[in-house]
Amino acid sequence: MSDPILSLSGVKTDIGQYHILHGVDLEVPRGQVTMLLGRNGAGKTTTLRSIMGLWRPRTGSIRFDGAEIAGLAPPQIARRGLGFVPEDMGIFADLTVEENLILAAISGPIRRDRLDWVFSAFPALSTFWKMPAGNLSGGQKQMLAIARAMIEKRGLYLIDEPSKGLAPAIIATMARALRDLKADGASILMVEQNFSLARALGDRAAVMDDGRIVWTGGMAELAADPALQERLMGLKMEVA
Amino acid sequence: MVRLFLSGDDPQSRILAAILLIILFALAFAPFLFPGTRSLETAARICIFIVVVASYDLLLGYAGIVSFAHTMFFGMGAYGVALATRQMGTGYDALILGTLAGTVVSAVFALVIALFSLRVRAIFFAMITLAIASAVAVLVSQLSAITGGEDGMNIRIPRELGPAFRPFDEPVLGINLSGRHVNYYLVFFSCLIMFLLMLRVVNSPFGRVLQAIRENAFRAEAIGYRVVYYRAMATMLSAAMAALAGAVFAIWLRYVGPTTTLGVEIMLDILLIVVIGGMGTMYGAVVGTAVFILAQNYLKDWMGGASDATAFLPLVPDLLDPDRWLMWLGILFILSVYFFPSGIVGRLRGKT
Amino acid sequence: MTHAPEHAPKMARLSLSDRLEPWLPILLVPAIVVFGFVLIDSPGSWLTLTVSGLAMGMMIFVIASGMTLVFGLMDVINFGHGAFVSFGAFVGVSVLVVLGGMTGASSLALNLLALGMAMLAAMAVTGAMGFAFERVIVRPVYGSHLKQILVTMGGLIVAEQLIHVIWGGEEIFIGRPEMLKGSITLFGATLEKYRLIAVGLGLILFLAMRAVLRGTKLGLIVRAGVENPEMVMAMGYQIRRVFVMVFVAGSALAGLGGVMWGLYQEVITAQMGMEIMILVFIVVIIGGLGSVEGCFIGALMVGLLQNYTAFLEPKLALISNIALMVAILMWRPQGMIPVIKAK
């Protein structure tokens, strides 16, 4: 890829007195799904949060669509076209499903075609349209979280562990929606612990360990090499 | 020896040590150094408020809890003495029993408030104490049958502590000593003991845990300290000390009333002194109180002069009016919180 | 947030008590009214007290709403909020004095116009003060409740003193506009006109606030920000700017409340804000810090209880509200309508 949508170089982030990222170098190609993998505590979530500006990197450069965004405030970064689905989903429980989506549409009223698309991907959201999001089940909340990112076209979607704690049937719905998003030509950077989901969706993979990227390559290459997986991630991935 | 009394808490600054020594010396020999009723009143007030402010510092500076009920506890001690002497008649037994009763009641009251509000959120404490203290103040001024209402109560104290008593026939160092002076030394020594006791507490392991909680409550909890327990203990201790000081104040003044003990103004004064003197230093209470009370007595005169001298200017005389000194103090207070949170003492110690 | 495994839909199977629970706080207000009716033997006095309790409650709500939202949005506790109340009252009363010709006229329209101008002036001044207060006093101490309490208390002291500098004196007595004086009689009860107006104005403000919070994007940002400010930022909204707006609006409302309160008491003092803050604190605590609805319900309860007890046993008026606070906190330690906070 000659022109990545996002590139990080030498990103170091501290949380309090702890150094979490020790210099992350990463390129996210356009129109592809990049999976960010690694064991717990490797720095995956911190990487996403650093990109969003929620934890400001101490040093390093983050270029999005050709422009430097490191050091900008989160709202400015978001307005450049990054959609963020955090690990805890960040649902506004007191707001209805509708209100959650209205807020997510930052550039104006919700576009009808986008909404239809969201409803076709997640029919449950239309059922509970006027319901406080706090009343949704865990899976429905995750769908809403992804729907909020999808409701407008973003340059890049940052999605943190969408399958976490969800039942297989829900994961399947989610996978379908994400594949839809991918078919639409979206660029996605996604953290995922569920290797079969990662393998099914990912074009490329980047593996983190101890605050650095230790391996990048094609997802298929990683999936085909159990020894490599074990070396990079310390445990055998159960390949379904 | 000195270190033993100070519980190993060195002033850590020559200037601070010198100031503390001067204050100690001045208070110890106040009747001889500054003869006259007004000076003696001022000296006694300084002694008592050093204890009140130090006990507030225990809570604010060491435990990081803001309370607006400190004068309530102060008042409980004072009213304890007043009510006991009214019930039991004049005598040392009434004074002691009243002091103890006031102290116990305020400690228990503090414990209840602490358990009730600190359990939920530390910031509730500030709001709840403000509400409770004002409710109690209103109640005290309304229940005149018990408390004497707005007028307060005069307290009859044993003759040996009153102005009519003459311990010596001859003047001592040129001063005719009276029971007032005996009373003053009662105030001085009880306050000195209480202050050293608090210095001991904050330098004990208990005090260090409090500071650890103030710095990071979550971490302290994670290490295994029961934060609520420590905070509640600090609240109780602080309230008990305030009540003791209140009792001494009542015995000294021979009077107790809502404005001398329970008023919002006194509460604000305490808050201002602690912050300007230096939170979490104990010595800040000494320096702050001495400066504050001297300023209250003498700076106001100066402001009055300055106000008159600038009478031809617009607004300036109003700003310099002696009644407005609280405004300047408030500004100083805000600046202190921003720029030198450890106050005068912190400055002298070279920390900010 | 926990990620529980999928359950069967839980909305269908709620017991009666479960379904009633969200409504309990709202039901407490009529409960207090009924309670008052039982204890006060004369229905006429009861109605009079109910109206003045509601009027008082509405004014406390107007004052408290900004404070609770400011806390909810940025976790900022403003002990200086009372300064806006006092300032608002002094500005409003000064305007009414200047407009003496209009307030003295026996024309309701002119009276209301004067009142409206006084209120707008008070809101403009306290709103501007709020802007400055946020910048100078509050902004440097984000994140530390201890410093916030200290510094905002300091701000309150200075503001109170400034009132003395500007207006001098201790207290100003103020008469209500001509047509708002006196009372009407309804079912044998004497109802002061001004109190009825205060109730109406408070209700309108509450409904307007609700409409803004539920019906506009700004309102959605505020509500979402109370719950999870970080996510609101990550979506692309400048929550800081919204916070400043809420702070200014809350200060302006406090100023408005000050004018209303001053005319209710017919006397204003520099300390009035601080005194009202005691009730405001009780209200925001029992309502649930950050909740506008909780604040409204709490304010009405406090206003009613205060008036009923003042009639039955004057000495216990404030104590009764402390008791109410204790009771509510035993029942729901986070207040009647706890605000869901992320993390």
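Helices (H or I, at least four residues) and strands (E, at least two) are DSSP runs, numbered from the N terminus. With that in hand, let us look at some close-up views. This is a predicted model, in which local features need pLDDT of at least 70 and side-chain atom pairs count only at pLDDT 80 or more, while totals for chains, interfaces and linings use all residues. Residues are numbered from 1 along each chain as its sequence is written, and chains are lettered from A and ligands numbered from 1 in the order in which they are written.

**View 1. M129 of chain C sits in a helix and is buried.**
Start with helix α6 of chain C, residues 108–138, where you will find M129(C). Is M129(C) buried or exposed? It counts as buried because 24 C-beta neighbours lie inside 10 Å. The cut-offs are these: a residue is buried if 20 or more other C-beta atoms lie within 10 Å of its own, exposed if 12 or fewer, and partly exposed in between, with C-beta atoms placed from the backbone. Leaving aside residues up to four places away in sequence, M129(C) touches F84(C), F87(C) and S251(C). Here, two residues are in contact if their C-beta atoms, placed from the backbone, lie within 7 Å. M129(C) and S251(C) are 122 residues apart in sequence, yet their C-alpha atoms are 7.6 Å apart in space.

**View 2. V151 of chain C touches residues of chains B and C.**
V151(C) belongs to helix α7 of chain C. It counts as buried, because it has 26 C-beta neighbours inside 10 Å. Which residues does V151(C) touch, not counting residues up to four places away in sequence? They are I334(B) and V337(B) from chain B, along with I137(C) and V141(C) from chain C. From V151(C) to V141(C) the separation is ten residues in sequence and 8.1 Å in space, C-alpha to C-alpha.

**View 3. Chain C meets chain B.**
Here 30 residues of chain C are in contact with 34 residues of chain B. On the chain C side, the elements that give two or more residues are α7 (145–167), α12 (272–287) and α14 (317–331). Of these, α7(C) gives the most, with 15 residues. The chain C side has 22 nonpolar, six polar and two charged residues. For this sorting, Ala, Val, Leu, Ile, Met, Phe, Trp, Tyr, Cys and Pro count as nonpolar, Asp, Glu, Lys and Arg as charged, and the others, Gly among them, as polar. Between the two pairs of chains that touch, B and C have the most contacts.

**View 4. Chain A meets chain C.**
This contact takes 29 residues from chain A and 24 residues from chain C. Look on chain A for α2 (74–79), α3 (97–104) and α6 (138–150), the elements that give two or more residues to this side. By class, the chain A side divides into 17 nonpolar, seven polar and five charged residues. What about chains A and B? No contact joins them, and their closest C-alpha atoms lie 13 Å apart.

**View 5. Two helices of chain C pack against each other.**
Helix α2 (residues 24–39) and helix α13 (residues 292–312) of chain C pack at an angle of about 10°, with their axes 9 Å apart. Axes are lines fitted to C-alpha atoms, for helices over the stretch in contact, and angles run from 0 to 180 degrees between N-to-C directions. That angle makes α2(C) roughly parallel to α13(C); angles under 35 degrees count as roughly parallel, over 145 as roughly antiparallel, 65 to 115 as roughly perpendicular and the rest as oblique. The residues of this contact divide into 14 nonpolar, two polar and no charged. Among those in α2(C) are I26(C), V29(C) and V33(C), while those in α13(C) include I297(C), L304(C) and Y308(C).

**View 6. An open sheet lies in chain A.**
Six strands of chain A run in the order β6-β7-β8-β3-β9-β10, with mixed pairing. Two strands pair if DSSP finds at least two bridges between them. The edge strands, each pairing on one side only, are β6 (82–85) and β10 (212–218) of chain A. From one strand to the next, the twist averages 15°. β6(A) pairs with β7(A), residues 156–160, in the parallel sense over four bridges, and G83(A) stands opposite Y157(A) in β7(A).
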